[in-house]
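My plan is to jot down what I look up, one topic at a time.

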Amino acid sequence: LTFEDKLQATDLSNLMQSMATELSNGLPRFDPKSNDNYGVLLVADFVNVNTLKTEQNSLVMSDMLRTYLANLPGKRVIQVEFGKDIRLSDSGVISLTRNIDLTNKQKVGANQVVVGTYLDLQSKLIINLRAIDPTNQIISSAVVRELKYTCNGGKLYLTN
């Protein structure tokens, strides 16, 4: 089963919308009258957890997630590229790669960085989303989906 086959057998719109809503519901509540970049999310492209690289077929998940997050009340979304604009260190800490001085919230211009990863296994796909506070690298909200697939009569089906 290929990654593309799994994506085609999945209702990505429903999946990404539910993950965006769940992730947003777990985010800390900020005062919109304060100057702390209320509701601004840096959202990176999804990456393969094994390579930490964006693959062409995962870009649709990234775009859908950004769209659904941007449509939530009080949220503004900024697109960034994983690996180019942000990366995870060996310890799992996010870092901005354009300028080392951009590690505090005021300079980042967002109160959360959203990182999505996926693991493509033989008969399942695991998708992880994390919203990370760029000031302290604490995960503010996280969502995971484990999608299981079966083949029947030459056709691929999502079983959960």
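**Entry 1: helix 2 and its packing.** I began with what the buried residues of helix 2 pack against: helix 1, helix 3 (59-70), strand 6 (112-120), strand 7 (124-132) and strand 8 (139-152). A reminder to myself: this is a predicted model.

Next I looked up which residues those are. The buried ones in helix 2 are Leu-12, Leu-15, Met-16, Met-19, Ala-20, Leu-23 and Ser-24. They sit on the same side of helix 2, because they cover an arc of only 150° around the axis. I jotted the general rule beside that: an α-helix has 3.6 residues a turn, so residues three or four places apart point the same way.

I also checked the length. Helix 2 (residues 12-25) has 14 residues and spans 20 Å from first C-alpha to last, close to the 20 Å expected at 1.5 Å a residue.

**Entry 2: the cores.** Which residues have the most contacts inside the largest nonpolar core? I found Met-16, Met-61, Leu-65 and Ile-127, in a core of 28 residues. Two or more residues each come from helix 1, helix 2, strand 1 (40-44), helix 3, strand 6, strand 7 and strand 8. Helix 2 gives the largest share, 6 residues.

Setting aside neighbours within four places in sequence, Leu-65 is in contact with Met-16, Ala-20, Val-43, Phe-46, Val-114 and Leu-129. There is also a second, separate core of 8 residues, and Val-40, Val-80, Ala-110 and Ile-132 are among them.

**Entry 3: a lysine inside.** Is Lys-6 buried or exposed? I have Lys-6 down as buried, because its relative accessibility is 0%. Lys-6 belongs to helix 1 (residues 3-8). A polar atom of its side chain lies 3.5 Å from the backbone oxygen of Gln-122. Beyond four places in sequence, I listed some of the residues Lys-6 touches, including Leu-1, Asp-120, Gln-122, Tyr-149 and Leu-156.

**Entry 4: salt bridges.** How many salt bridges does a search of the whole structure find? I got 5.

I took Arg-145 and Glu-22 to start with; their side chains meet at 2.9 Å, N to O. Arg-145 is in strand 8 and Glu-22 in helix 2, so this pair ties together parts 123 residues apart in sequence. Glu-22 is partly exposed, at 37% relative accessible area.

Then I turned to Arg-66, whose side chain meets that of Asp-45 in a salt bridge of 2.7 Å, N to O. That pair links distant parts of the chain, with Arg-66 in helix 3 and Asp-45 in the loop between strand 1 and strand 2, 21 residues apart. Both Arg-66 and Asp-45 are buried; for Arg-66 the relative accessible area is 6%.

Arg-66 also has a salt bridge with Asp-63, at 3.0 Å, N to O. Asp-63 and Arg-66 are about one helical turn apart, because they are 3 residues apart in helix 3. Asp-63 is partly exposed, with 40% relative accessible area.

Entry 5: Leu-52 isn't a glycine, yet its phi is positive, about 55°. I placed Leu-52 in the loop between strand 2 (47-48) and helix 3. Gln-137 isn't a glycine either, and has a positive phi of about 65°. I found Gln-137 in the loop between strand 7 and strand 8. For accessibility, I noted Leu-52 as partly exposed at 36% and Gln-137 as partly exposed at 30%.

Terms used
Residues numbered from 1 in each chain as written. Predicted model: local features only at pLDDT ≥ 70, side-chain atom pairs only at ≥ 80, totals over all residues. Heavy atoms only, no water. Helix = DSSP H or I, 4+ residues; strand = E, 2+ residues; numbered from the N terminus. Buried < 20%, exposed > 50% of the residue type's maximum accessible area, 1.4 Å probe, protein only. Polar contact = N/O pair within 3.5 Å; in protein donor to acceptor, adjacent residues only side chain to side chain. Contact = heavy atoms within 4.5 Å. Expected span 1.5 Å × (residues − 1). Arc of directions from axis to C-beta. Core = buried A, V, L, I, M, F, W, Y, C linked by side-chain atoms within 4.5 Å. Salt bridge = Lys/Arg side-chain N within 4 Å of Asp/Glu carboxyl O.
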